[in-house]
Amino acid sequence: MTIDPRVDIGHVHLKVSDLDRALAFYCDVLGFDLKQRIADQAAFVAAGDYHHHIGLNTWESAGAGPPPRHTTGLYHVAIRYPDRRTLADALRRVLAAGIAIEGASDHGVSEAIYLRDPDDNGIELYRDRPREDWPRPEGDEHDVAMFSRPLDLKALLEEPPG
C-alpha cells in the first residue's frame, strides 16, 4: 500500500527562542508574509494567501539555545521556489543580510542552497528542475538518478532579478 500521491507537506512549526528575531529572518530576509501573531508566543508566516507555511513558536523554547549537534531531530526545512530566477533573488537577499551559506548543491532534480536560521535550524532554499530534465537511470523512466555536485552560485546570481 502506498500513500496517495496528492498528499503533501502543508506546513512546519519551528521552536524558536526569540520571536522577533525569527520574524526578521523569515519575513525581512526570506520575504514570507506575516499572517498572524500571538503576542510573543507564536507567529504564522506564508508565501501568498495560504494560512501558513511556517509556524514559529516560543511555547517551549523562549530564550533557549539550539539543540546540540549530532542528535536526532529536524535536519532542515526545505523551501521550494518556483523557478531559478526566484531562487537567485532569495540568494541575493540572504547574502545582503550577511547570512552564511553552508553549502550549495546541484542534485540533478533540483538546485539547493543550505543555511541556518537564527535558531540554528537547517534551511534549504531550492528549486526543482522540470520533471522531463530529471536524470534517470539507464532504461528506467520512472526512477531518478539524483546526485550531489557543487552548485555554481556565481552563475545562479547571473539570473536577472525578479
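Start by selecting residues 110–116 and 122–128: these are strands E7 and E8, which pair in the antiparallel sense over 7 bridges. Strands (E, at least two residues) and helices (H or I, at least four) are DSSP runs numbered from the N terminus, and two strands pair if DSSP finds at least two bridges between them. Click on arginine 116 and you'll find its bridge partner in E8, glycine 122.

A quick word on the model: it is predicted, so local features need pLDDT of at least 70 and side-chain atom pairs count only at pLDDT 80 or more, while totals for chains, interfaces and linings use all residues. Residues are numbered from 1 along each chain as its sequence is written, and side-chain values use heavy atoms, with hydrogens and water left out.

Now show the whole open sheet: 5 strands in the order E5-E8-E7-E6-E9, with mixed pairing. E5 and E9 (149–150) are the edge strands, each pairing on one side only.

Next, select proline 82, in the loop between E5 (77–81) and helix H2 (84–96). Proline 82 is exposed, at 69% relative accessible area (exposed is over 50%, buried under 20%, partly exposed in between; 1.4 Å probe, protein chains only). Its C-alpha atom is 9.4 Å from that of arginine 129, 47 residues apart along the chain.

Finally, go to histidine 52, in the loop between E3 (42–46) and E4 (54–57). Histidine 52 is buried, with 10% relative accessibility. Leaving aside residues up to four places away in sequence, histidine 52 touches Gly10, His11, His13, Phe44, Val45 and Ala46 (contact means heavy atoms within 4.5 Å).
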